[in-house]
Each structure stands twice: as structure tokens, then as C-alpha cells.
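Thanks, everyone, for making the time.

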Amino acid sequence: MRLKRRAFLKLSAASVGAMMLAPEAGALKLPNPLARAPRAWYQGDVRTVLTYCENCFWKCGVRASVEGGRVWKVDGYAANPKSRGRLCPRGQGAVAQTYDPDRLKRPLIRLEGSERGEGKYREASWDEALGVVAAGMLAIKEKYGSESMAFFAHGSGDTWFGDYLPAAFATPNVGKPSVSLCTSPRETAAQWTFGRGIGGHEPVDWENTDYIVLIGHHIGEDTHNTQLQDFSMALKRGARLVVVDPRFSVAASKADRWLPIKPGTDTALLLAWLNVLVSEELYDRAYVEAYTTGFDALAAHVAPFTPEWASGITDLDAGVIRVVARELAAHAPRAVLPPGRHTVWYGNDTQRMRALYLVNALLGNYGVEGGFYLAQPPYIGAYPHPAFPLEPSSGGCSGASGDAAATIDTGFRPSVDRGTFFAKTTAVQELIPAMITGEPYRIAGLVAYGVNLFHSIPDVARTRQALKALDLYVAIDVLPMDHVMWADVILPEATYLERYDDLVAIAHKTPFIELRQPAVEPMWDTKPGWWIARELGLRLGLEEYFNWPDIESYLDTRLRSIGSSLEKARQQGTIVQGGRPYLADWEKRHLNPFGTPSGRIELASQTFADAGFDPLPVFEAPEEPPEGSYRLLYGRSPVHTFAKTQNNWVLMEMHGENSVWVNAAEARRLGLDSGDYVWLENQQGVRDGPVAVYATERLRPDCVYVVHGFGHRAPGMKIADGRGVSDTALMSRYRLDPISGGAGMHVTFVKLVPGAPKPRLPRLGKLAERSV
Amino acid sequence: MARYGMAIDLSACVGCAACAVACKLENEVPPGVSRLWIRLEESGTFPELHMQYRPEQCLQCDEPPCVPVCPTGASHVTSDGVVLVDAETCIACGACIAACPYDARYFDPRGFVSKCTFCEHRLAGGRPPACVETCPTLCRTFGDLDDPDSDVSTAIRGARRVDVLKPEQGTHPKLVYLNAPASFAPRREGALR
């Protein structure tokens, strides 16, 4: 009876809400009265290893607790400016990935006679697998030129597979999803407004700000650790919060004002705020005169864009729009509109981000306490080796943004997207057509490192077609992800707790360097990325660039450039340097932080005008969903990182399946209840699912919302496989931002097709027991 | 001797579950059961909405109904007021599970009853429970309720509202909730000692 009562309680608790994080029902076992308490790991001889986390790309400093040759727990490291002794759920749960029995365990070579995508492999030695890869790369170099090898890379190891090896091999066709599938609009806009990028760690001066406006920025569901701490402390301090979002996000639930904006109309709202700041003379006149150029053009440009004009477009009250502008001004310069991170929405995103920066500039907050601080990278020397034939070109979250017209004569062909965008970084999705068409020249080989090609790049059908057309496709990963099981050769990497990586230099208020070091030996026959890159380099005849005998001497040499050593860094974990966070710090040294052509904040951009783009942001109405369809919006779960963590049993216990959020009134109209399963079908007839409906008041009626990263179709990932829906699978199209090269991904419309079966899946608890 | 207690500021909690994951790994909680879970409450109609996340776990009652029902004495209270289960003497009869008004206890598949221990093993070394240490919103505070200068006493004193779960049960929980959004029905503060 008691067992039944408990099971009943758990079931009723689980029905409270779709986001309810409850223990799994029906997981009870009859207890064995003879069992005794196991000895706990912390009762043993626990060793602590300082490293930094890899379960997202925020790079928090951590302390790994090792006992009996196993990592049991990972905690925040107090002396690290990213974690400050705390960790998000993903960081806490990362250890479960290391002990995931579904990991890639040894190199695999696709069976002769099988097609890419059939998933038929045989095991191979490292020597054989690396030999096949090197021979394939050299054949491509011979036949088409080294530029015909492409590298897609994401994660700490992208220093090896996005920068080091490609630059040594001499290919500029290197892309990171963190640029054109994420931050490129905000980086490009910042570069051409402030003359400085935003970088991987948004330089928002949270600790001094009094008024925060978030636009489509899901802090709380997006658990970037430091940012979440800063956000929470700012609110605790009494900072006011305005959240602009079509969805009542977690951040919106903490806000003083929630503005449920019509999707795709943010630029109109920002133009109206500019209009009020100018027309009511609320802008910081002294700051504008001292640091900016183009104010008169901006003032004339925004004159027609009144709150009343924006109200009709955004579905927001004109009075509220006006009041927020006035409140921003009243709190300026301690008022800030943070840039957000994933800014590839509608294809005109650089202009929207420009509008956001212009509001910040008129508040006089850039380089000023309570606004944006000026992030500085730390100093650290490179390992001495001959100059690479090409400079690394992939960029990253903090990748440089440059002049589209600027070309450097290197003797190599420029990347296949070069000259198209105002970004020095490569637009990863724009490399794919060259694999299919051979224009402007053929990309014949691809190394995919840590990038899920089918869950990050829109138009998956095109990606599959491209993979089929390649001469060589190599995947380096930890898990048998959907796209990995298409590769000719699969190289299994060790997880972050088992390896060294290159040093990471974080641009920050207090710039710092972090060491990645192994807590335990790699499991099975897996290898660290540095080892794989070096072994490949040696087989490719690139010995002169891989002139370090091992990673320890490589790291030690670099660390000695700042008076440290590997031995010291292993004890210290994080090395913090001094910064110059505010304009006053720069002026004292007679330095100008603004790297724009004019050396000032460019409210109007002559460079954009010269290239045929609008010098000032213009609102462009988004395409409307057809009758019966909804705009597909997507976001984050606090416990998941992209499509990387859905096979982690601990994190999946917290959030094991995504659902499709539908406005409650719309759901009633469609005859759908929460928990009903539907298919999602896009404007081109592509379906994915089944997925459970979550009928909610927390969303406008013109859109639906899913958490990104679910819907794996990867039989080797026993936990992830078949759970939930993939938003990327439904993105058969995207809208290219012609300025940044970003792929706008808020342009998918879906219908909810009822009657889908509830997937029959193995019980999560049963699958999890394999790893404990 | 301390009287350990915890406060969770619901105005700060974002329901990210860092606490729940930290608990799971710190305490090797097996798959399928949890010592700590998070409840989401939503109310209102678009666009007038309210919501809160509420992490729940053993409330470490001052008068724990789970202790007197234990036939073997496995369920006990330490001198620091922490309610624990001794796995060696537990016969897994389930009486405590039935007695707990908060559904905070579970059968560990290894053959005993278990629940939140306030990470009692960390306290002697001066470390707070794993959930408190990791929380990225800093919504959890911990310490000695009898010490007016402890983190938890300071947080409770500074809160605009303090709630306990099911005060009518007379259990006097030592885990309290601070600053719940006004839209959710208040629970009486009187039950806090």
C-alpha cells in the first residue's frame, strides 16, 4: 500500500506542468532488507584537480573531485572569475558524460561498400584510422588544392581543429557554428558601431547597472553561469528589469515589465526608443558629442518612428514604449540593453543589433559604469613555430569582424564565402553549397569536430546532400551523434575530464587564462584533441608546425611567456591579469578604444552605406505565417547545451523531452490538450516529431516554441534517440543576413498535425542504470 | 551544537536545477529517485501572468513526523537538528515514507530509505550543502538558525515574506521559502520557529 501511495504521489506531481522537474514515476523497486549502505566517494582519499568545464562553452573554472580513479563530482572554483565557486546544472552534470556507456570507444572506419548514413562501421587502430584520414586529405590537396579541405569545429578543441591544423594545412574554409549560426550579427554590428566586438563573455557591467532591458534574451533558461549570477545579484540589488519577448520566459517572470512583442518587430521598438530619446532630448548630449559621430543623421532618420508608429507594428502599447524610453534615460548611464547571444533571427539582424547599440550609445553607457565595460584579452605568448601559411580564420564567439573588401595576398584562394560579408570569420553554412556545386571552387573534404551538423545548420537535406558529395568526411566527437554516423572515419575524443587542451584566454573585466588538465586517464581507446591534431599533422608533413614533443612542453612554453609554468598553473588553475574596463582607464593612457574608421562610435555607418547597405537601421516587416501556421521559435533548457547533452542521464532526468508550447486559446481552438502528441510540419511539408503539446498562457497566439537540441535520430545514443522534436530538422530554409553572413532561423512556419502516436521508448531509469 | 536551517529565495530561483543535479552527484542518488526536485507553478491568462519555481526537498522539520514512526531508530535527529536515516539499521518498512507530509523520502534501490541530509557530511568541514554551494542565482542560504548572524538568519530577517510548506501539519520545517511572488497564496509565517 505504501509503495502504491508513493507511486501515486509521484504521478500526480509529474502532471503539474510540462516543465515540472520531478523524479520519474514507476521507478520503484522492492527494497532488499539485507542491503547495507554503500561507502560514499567522499569518505575515500579525494584528490582535487583544477580545470575548466566543457559542458557548454562558457568555460567556468572547476574543481574535479577524484577518488579511486573516477571523477565523482565537479564543483565551481572560487578563484575563477567565471564560476566564482558555483556551477550551473550542466557543469554539475558533465561528469555523467565521461561515464556514458554509449561513448565512442575506439576509431571506426565505414565499411567498404556501405553508403554514408547507413551507419555500418568496423573498428580500427588509431594508426590505420589516422593514416586513412591523412591519405584522404593529401589526395584532396593534390587534386584540388589545400583550400578544398573544410573544417567545422566547436568546443575548446577548436583551437586544434578550427585554428591550428587548418592554418598549418593552409585552408581558409573553416567555420564555427558559434559565429554565423549564433553571434555574428551582434559581433559585426558592434565592430562597425563601437569598433570592438562583444566577445565570448558579454561585457555588461551587471554589478553597477540599475535598469536592464532584455530583448529575446533568456537568462535563467540560458544558464551561462556568471551571467546568471550577475543577473540575480543585480535584481537583488534592486535593478529594474524589462523583458521584451513573445514568450513569458523565466526572465520575464522576474521582470517589472514584460513586453510581449510580436515576433520579428524588435527593430521597430528600438527605433521608437531612439525616437523618444532624441525627440524628448533625453539622450546623453555630452557623451554623444565626446564619443560619437553621425548624430544629426540619426536624429533625422528616427524622427518618423514614434511610439505610436511602433505600436501598430509591435502590438505593444505606445504609452509603455514611451515610458520605458524615459525610464532608461532616467537611469542612464546605469541603464543597459545587453546584446543577447543567439542573434540570427530574421536575416536583417545586423541592423537590429545596430539599433540596439545605438540606444545604448545615446544612453552614454558604452565604456561607462553600469553599461558596457571594455573587455580586454589577457596576454599570453604563442608557442614558437614557423608562421602558418594562412592565419586562422574561423573566429569564434569572439571572432574578429572585418572589412569585407580587405583581402590579403597569401598565395591561397580565399574561403568560398570570402568577400561576401562584413566578417573576417567564415559563415559556416555558406561553405556547404560549395560541396555540392563546386562554386566558386570545390570543397571536397570535411572534418567535423564537436559540431552536430544536423542539429545546428539549417537545411539539413542540403547538408546530407553535401556530405554525400564529399571525397572525405571525418568526424571527431565523444558520442555517436546523428551526423557522426555518416563519416568515413570516426575518431573518438576523450572528454574534457580526461585531457589537456590549449590554454584559453578570456577577454574580461579582469582578463584571465585557464588551464584544462586531465583529472583521470582517457577511457577506452579515446584520445585528446591535441594528440589527434598532432598525429594528423605529422602524417600530413606538417612537422615544422607541430614542433613540440608533447602537450606538457607546449603548455609550459606558453605559460613561461607570462612568468608562470605548467607546474604552477596546475596548482593555480586560473591566472588573472589586470584590465582597463572603462573609458576613463583608456583616456588616462591616451588610448582610443574605438576601432571604427572614424575612431568614434559610428551612429551612422558610412562603411555600410558605401557597401550598399543602410547606414542607419531600417525596420523591415517579417513575412507573416500563412493561415493555420505558427512561427517556430526556439530556445534553451537550463540543463542542456545545444544538441550535446541529451544522452546525459542525470540531465535527462531533469528534462528528458521537449514539448511544443502553444498558446492555450489556440490549443483549445485546435482541440489539443497538454500531453497530446502532434507532428510539426513546416511550410515545405517537412515533418518532425512526434512531440507533446504544452498548452500555455505563456506564449503569444501567433507562434509556437520548442527547446532546441532534442529529436536526435541516433540509435547509438540510447538515451537521446527519439526523444522530442528537432527545431533544426524543421528549418528547411533560413534567411541570410547579407551584412554578417548569419543564418536567420526565425523564419520557419509550422502546422500542428494531430494524431501522432506517443513514442514508445525505453525507460530512462533503466538506461541510466548502465552507467552507475 | 547548531540548529541548521536553509532558506530559498523564490524571487531569485529560476528553476535551473543546478541544485538538483549537484545533489544527485554529491550523494550518488540512483536513477529514478530524487532528494531534491523543482515544482513550477503558473497562474493568470495571457498577458497577465505569474509563475514561480519552488525547489523542494526534506524540510528538516523541528518536529519530524518521520522519526517517531521508525521501528528501529534508523530515522533520527542529530544534535545539530539534522534528520537522518541510518542505512545500516533501516529495514525499509516505509513507515517514515508514509508519515512524511512532504513526500520527501524514497526507497533507495540498494535497500534502505533515503532523503536529503543537508549534506551533513560536508558541514563538519565548514562547507554548505552541495545545493547551496552551487546555486548560480544565490537563492539558497544555509546556517545556524539560532545564530542571528548566520547567512540563513540574516536572509530570513531581510525577507519581505517567509513561508513554510503545510504549516497546518505542525512540523515546523527548518527549510523556509523567502519572497514568494505575491500572486501565490501565502502560507502562514507563524510556523517558523
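**A sheet in chain A**

In this predicted model, chain A has an open sheet of four strands, paired in parallel and ordered S10-S9-S8-S12. Strand S10 (257-259) and strand S12 (335-336) of chain A form the edges, each of them pairing on one side only. Strand S8 of chain A, residues 211-215, runs parallel to S12(A), and the two are joined over two bridges; if you want to find this pairing on the screen, look for A:Ile212, whose bridge partner in S12(A) is A:Val336. Packed on the sheet is helix H13 of chain A, residues 318-331, which touches S8, strand S9 (240-244), S10 and S12 of chain A, and whose direction makes about 135° with that of S8(A).

Moving out to the domains, chain A is divided into domain 1 (1-36), domain 2 (195-375 + 582-610) and domain 3 (630-771). Between domain 2 of chain A and domain 3 of chain A, the C-alpha centres are 31 Å apart, and the contact draws on 19 residues from domain 2 of chain A and 23 residues from domain 3 of chain A. What classes of residue does domain 2 of chain A bring to the side that touches domain 3 of chain A? There are seven nonpolar, seven polar and five charged residues on that side.

Turning to chain B, its secondary structure consists of five helices and 10 strands. Its radius of gyration is 16 Å, close to the 16 Å from the globule rule for 193 residues, so chain B is as compact as a globular protein of that length. Of those 193 residues of chain B, 52% count as buried.

Key
Residues are numbered from 1 along each chain as its sequence is written. Chains are lettered from A and ligands numbered from 1 in the order in which they are written. This is a predicted model: local features need pLDDT of at least 70, side-chain atom pairs count only at pLDDT 80 or more; totals for chains, interfaces and linings use all residues. The radius of gyration is taken over C-alpha atoms; the globule rule is 2.2 Å times the number of residues to the power 0.38. A residue is buried if 20 or more other C-beta atoms lie within 10 Å of its own, exposed if 12 or fewer, and partly exposed in between; C-beta atoms are placed from the backbone. Domain bounds come from an automatic or database domain assignment. Two residues are in contact if their C-beta atoms, placed from the backbone, lie within 7 Å. Ala, Val, Leu, Ile, Met, Phe, Trp, Tyr, Cys and Pro count as nonpolar, Asp, Glu, Lys and Arg as charged, and the others, Gly among them, as polar. Two strands pair if DSSP finds at least two bridges between them. Axes are lines fitted to C-alpha atoms, for helices over the stretch in contact, and angles run from 0 to 180 degrees between N-to-C directions.
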